[in-house]
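User: Hi! I'd like to walk through this model with you, one question at a time.

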Amino acid sequence: EAIWRATIQPIYAASCARCHGPGQQSPDLSTYAGWNTNRPSLDARVVQRLGSPMPPDNSITDAQRMTIGRWLMMR
C-alpha cells in the first residue's frame, strides 16, 4: 500500500479524482482497495487504452501509464 501511496495516488489525484472519488462515478478509485479491486479494468482502460480508455481527456503521460502498469503487475 505504501508504494501505491507514493506512486499511484499522486496520478489519481491529478487525473482521476474529479470523476472517480467517493460518491462519484463508479468505480471509486480514491483508495488502495479501489485500485486493487479494479486491477483488470485499470490495466485494460488506463494502461492499454482499450474499449473506453481512461482518462478520456488523456491527461496522463506515457510515463505515468507505465508507472500504473508496473504497479498493477505487482502482487
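Predicted model: local features only at pLDDT ≥ 70, side-chain atom pairs only at ≥ 80, totals over all residues.

User: Where is asparagine 58 found?
Analyst: Residues are numbered from 1 along each chain as its sequence is written, and side-chain values use heavy atoms, leaving out hydrogens and water. Helices here are DSSP runs of H or I with at least four residues, numbered from the N terminus. On that basis, asparagine 58 lies in the loop between helix 3 and helix 4.

User: What is the phi of asparagine 58?
Analyst: Most residues other than glycine have a negative phi. Asparagine 58 is a residue other than glycine with a positive value, and its phi is near 55°.

User: Is asparagine 58 buried, partly exposed or exposed?
Analyst: The classes rest on relative accessible area: buried is under 20%, exposed is over 50%, and partly exposed is in between (1.4 Å probe, protein chains only). Asparagine 58 has 42%, so the class is partly exposed.

User: Which peptide bond has omega of about -15°?
Analyst: Most peptide bonds are trans. This one is cis, and its second residue, proline 55, sits in the loop between helix 3 and helix 4. The bond joins methionine 54 and proline 55.

User: How are helix 3 and helix 4 oriented to each other, roughly parallel or roughly antiparallel?
Analyst: Axes are lines fitted to C-alpha atoms over the stretch in contact, with angles from 0 to 180 degrees between N-to-C directions. The two axes come within 10 Å and cross at roughly 160°. Angles under 35 degrees count as roughly parallel and those over 145 as roughly antiparallel, with 65 to 115 roughly perpendicular and the rest oblique. Helix 3 and helix 4 are therefore roughly antiparallel.

User: Which residues in helix 4 do those of helix 3 meet?
Analyst: Contact means heavy atoms within 4.5 Å. From helix 3 come Arg39, Leu42, Asp43, Val46 and Val47. Their partners in helix 4 are Arg65, Ile68, Gly69, Trp71, Leu72 and Met73.

Conventions: Helix = DSSP H or I, 4+ residues; strand = E, 2+ residues; numbered from the N terminus.
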